[in-house]
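Please look through the sequence and the structure below before reading on.

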Amino acid sequence: MAPYQMSQLRKQLQNAKADYESAKYPGDLAADVFARQATRSASFWRQTAPYIAAAACVAVIVGWAFYRPSGETNIAVSVPPAIQTNATSDSELAALPAPEAIPESSTLPSDLPLVPSMSVESIPSPPSMASMDLSYDQPSF
Amino acid sequence: MDEPTIEAAQNGDRAAQTSLIGALQDVWYRFALGLLRNPDQAADAAQETALRFLRDLPKFKGGSTIKTWSLGIALNVAREQRRRRTWASESAASGEASDSPSPLAEADRAEQVGRIRQLLADLPDRQREALLLRFFEDLSVDEAAKAMNAAPGTIKATVHQALRSLRNKLM
């Protein structure tokens, strides 16, 4: 029974294989694929080109704004008003010491004490307060 | 599909690529038709297989025949298409495939082919894939294992299960 089944199965598989092998691709696959590749490529550029162009324009504008020649600017730049200072008069300049008179390094004046003078007498005595009277011998009321 | 043609195709030679695709187009189409059971989807799968074949051809190292290697690509494409297909379209495709005219002349033979085709369609996907590769594409167990990215023992067991299932249903 089993060999009969196997031969039947084999026969049917062989028939199915002949049918399977009879299937052919309808057309020229290479031509279809290369055309599809070209379509994909064209579609890619069609979709991407506007973005590339826009990015290039932005780059040009940004580059021009940062690296434009300084003499060709027409953009009005608001300049803050200058700070008003008192002009130095010639007499004030004449009162300043000459550069030769200025020492190389700064020195402390010799007539000033390094430690400030302080005497004990200068500290005032604390004020007397009734609440601080701790002698309870005589009631205060 | 000789070695110089494959090398030329790998280097971008358009004529060599055309020659390779021409030699393999029916293999890809009938394999996809056997898995998807829809002529339009099989043609789409063949085109997608060819595109990926051209893209991945420089990576082909010659560890197997180019037919076996490309059937691995075709199998992946067919699996992806099968996953995308809805149940409704699958039912329609099945009906369409069974109504397509048979090239066989004898009525009883056509009936047998139709029956075995239906039995093949009813098999689980993996069993049908293994059976097509082993018996319809005449790949060895090792080649089918490479195409399916599975162990040879797994292919043997899968084919055995498929044949047993077919035999039981034929009774």
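Which residues of helix 3 of chain B are buried?

## Helix 3 of chain B

This is a predicted model, and that should be kept in mind throughout the report. In helix 3 of chain B, the buried residues are Gln41(B), Ala42(B), Ala43(B), Ala45(B), Ala46(B), Gln47(B), Glu48(B), Thr49(B), Ala50(B) and Phe53(B). To count as buried, a residue needs 20 or more other C-beta atoms within 10 Å of its own.

## How helix 2 meets helix 3 in chain B

Helix 2 of chain B covers residues 14–36 and helix 3 of chain B covers residues 39–56, and their axes, which come within 8 Å, cross at roughly 140 degrees. Helix 2 of chain B and helix 3 of chain B are therefore oblique to each other, since an angle has to be over 145 degrees to count as roughly antiparallel. The crossing in which helix 2 of chain B passes helix 3 of chain B is right-handed.

On the side of helix 2 of chain B, the contact is made by Gln17(B), Ile21(B), Gln25(B), Trp28(B), Tyr29(B), Ala32(B), Leu33(B) and Leu36(B), while helix 3 of chain B brings Pro39(B), Gln41(B), Ala42(B), Ala43(B), Ala45(B), Ala46(B), Thr49(B), Ala50(B) and Leu54(B). Sorted by class, the contact of helix 2 of chain B with helix 3 of chain B has 13 nonpolar residues and four polar ones, with no charged residues.

## Chain B as a whole

What pattern does chain B follow along the sequence? It reads α-α-α-α-α-α-α-α-α, and the count for chain B is nine helices and zero strands.

Of the 171 residues in chain B, 36% are buried. If one takes the contacts in chain B between residues at least 6 apart in sequence, 58% of them join residues at least 24 apart.

Helix 7 of chain B (residues 125–136) packs against helix 8 of chain B (residues 141–148) at an angle of about 135 degrees, with the two axes 9 Å apart. Helix 7 of chain B and helix 8 of chain B are therefore oblique to each other, and helix 7 of chain B passes helix 8 of chain B in a right-handed crossing. The residues that meet are Glu129(B), Ala130(B), Leu133(B) and Arg134(B) from helix 7 of chain B, and Ala144(B), Ala147(B) and Met148(B) from helix 8 of chain B. By class, the contact of helix 7 of chain B with helix 8 of chain B has five nonpolar and two charged residues, and no polar ones.

Among the buried residues of helix 7 of chain B are Glu129(B), Ala130(B), Leu133(B) and Arg134(B), and these residues also take part in the contact with helix 8 of chain B. The twelve residues of helix 7 of chain B should span 16 Å at 1.5 Å a residue, and the end C-alpha atoms are 15 Å apart, which agrees. Just after helix 7 of chain B comes Asp138(B), with a positive phi of about 55 degrees, and Asp138(B) lies in the loop between helix 7 and helix 8 of chain B. Asp138(B) is exposed, because 11 other C-beta atoms lie within 10 Å. In the loop between helix 8 and helix 9 of chain B is Asn149(B), which has a positive phi of about 55 degrees although it is not a glycine. Asn149(B) counts as exposed, because it has 9 C-beta neighbours inside 10 Å.

## Where chain A touches chain B

How many residues does each chain give to the contact? Chain A gives 22 residues and chain B gives 30 residues. On the side of chain A that touches chain B, the elements that give two or more residues are helix 1 (2–21) and helix 2 (29–67) of chain A. Helix 1 of chain A gives the most to that side, with eleven residues. The residues of this side of chain A divide into ten nonpolar, six polar and six charged.

Ala23(A), found in the loop between helix 1 and helix 2 of chain A, touches Tyr29(B), Arg30(B) and Leu33(B), if residues up to four places away in sequence are not counted. Ala23(A) counts as partly exposed, because it has 18 C-beta neighbours inside 10 Å.

Note on methods. Residues numbered from 1 in each chain as written. Chains lettered and ligands numbered in written order. Predicted model: local features only at pLDDT ≥ 70, side-chain atom pairs only at ≥ 80, totals over all residues. Axes fitted to C-alpha atoms, helices over the stretch in contact; angles between N-to-C directions. Helix = DSSP H or I, 4+ residues; strand = E, 2+ residues; numbered from the N terminus. Parallel < 35°, antiparallel > 145°, perpendicular 65-115°, else oblique. Left-handed = near helix turned anticlockwise from the far one by under 90°. Contact = placed C-beta atoms within 7 Å. Nonpolar A, V, L, I, M, F, W, Y, C, P; charged D, E, K, R; others polar. Buried ≥ 20, exposed ≤ 12 C-beta atoms within 10 Å, placed from the backbone. Expected span 1.5 Å × (residues − 1).
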